[in-house]
Amino acid sequence: MKTITVTVNGAVYEETVSERMLLVDFLREQLALTGTHVGCTYEGVCGACTICLDGEAVKSCLMLAVQADGHSITTVEGLAGDKLTPLQQAFIENHGLQCGFCTSGILMNMSEFLEKNPNPSDDDIRHGLIGNLCRCTGYVHIVKAVRAAAAVGR
Ligand code: FES
Ligand code: FES
């Protein structure tokens, strides 16, 4: 067991974890932040577990919790303040989700994407979504939502 200190959504946590615990399990099971999902049994394929680590979108099933020691994490629970972000609002207004299982990971990935690409083309958006699988939407409305968010400045 090892004690780690991580900042998650602005709050500092000092927690004792197994060296083998995955970051996604730490977030979901130890911190009860269940907005981060597991869609592909920890294979790094689906992107449902995407979070931001020090501002970079990463798949939290591909990291150990101990690797987050000393780092700052944002999960989907930390995106909105008093109101939804323009990206979250755009997903609602453009029907960017159906079942919603993929949505938290896509929001985290596209939040980072729009930070780096404030004026993306549809091809840029589709390329940015390569690491996120959605079984419901066919992606058309997801791309539309990201485009709409870019238009209003994330
Ligand atoms: S659960 Fe991490 S990529 Fe699927
Ligand atoms: S909205 Fe259902 S998996 Fe994407």
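Gly10 sits in the loop between β1 (2–8) and β2 (11–17). Helices (H or I, at least four residues) and strands (E, at least two) are DSSP runs, numbered from the N terminus. The model is predicted: local features need pLDDT of at least 70, side-chain atom pairs count only at pLDDT 80 or more, and totals for chains, interfaces and linings use all residues. Residues are numbered from 1 along each chain as its sequence is written, chains are lettered from A and ligands numbered from 1 in the order in which they are written, and side-chain values use heavy atoms, with hydrogens and water left out.

- The contact between them takes 19 residues from domain 1 and 13 residues from domain 2. Contact means heavy atoms within 4.5 Å.

**The interface**

- Interface size is often given as the accessible area lost when the parts come together.
- Here, about 1100 Å² is buried between domain 1 and domain 2, and carbon and sulfur atoms give 59% of that area. Buried area is the accessible area (1.4 Å probe) that two parts lose on being put together, summed over both.
- On the domain 1 side, His37, Thr50 and Val76 lose the most area to domain 2. Together they account for 35% of what that side buries.
- One salt bridge is counted between domain 1 and domain 2. A salt bridge is a side-chain nitrogen of Lys or Arg within 4 Å of a carboxyl oxygen of Asp or Glu.
- The side chains of Glu56 and Lys116 form a salt bridge, at 2.9 Å from N to O.
- Seven residue pairs are in polar contact across the interface of domain 1 and domain 2, both residues at pLDDT 80 or more. A polar contact is a pair of N or O atoms within 3.5 Å; within protein, one must be able to donate a hydrogen and the other to accept it, and residues adjacent in sequence count only if both atoms are side-chain atoms.
- β3 (50–53) and β4 (56–59) each supply at least two residues of the domain 1 side that touches domain 2.

- Gly10 counts as exposed, at 66% relative accessibility. Buried means under 20% relative accessible area, exposed over 50%, and partly exposed in between (1.4 Å probe, protein chains only).
- Gly10 and Ile73 are 63 residues apart in sequence, yet 8.1 Å apart in space, C-alpha to C-alpha.
- Thr36 is in the loop between α1 (23–30) and β3. At 2% relative accessibility, Thr36 is buried.
- Not counting residues up to four places away in sequence, Thr36 touches several residues, including Val24, Leu27, Ile51 and Ser104.

- Most residues other than glycine have a negative phi.
- His95 has a positive phi of about 55° and is not a glycine. Its place is in the loop between α2 (86–93) and α3 (103–116). His95 is exposed, at 54% relative accessible area.
- Tyr139 also has a positive phi, about 75°, and is not a glycine. Tyr139 lies in the loop between α4 (122–128) and α5 (140–152). Tyr139 is partly exposed, at 21%.
- Thr137 is in the loop between α4 and α5. Thr137 counts as buried, at 10% relative accessibility.
- The side chain of Thr137 reaches the backbone nitrogen of Tyr139 at 3.0 Å.
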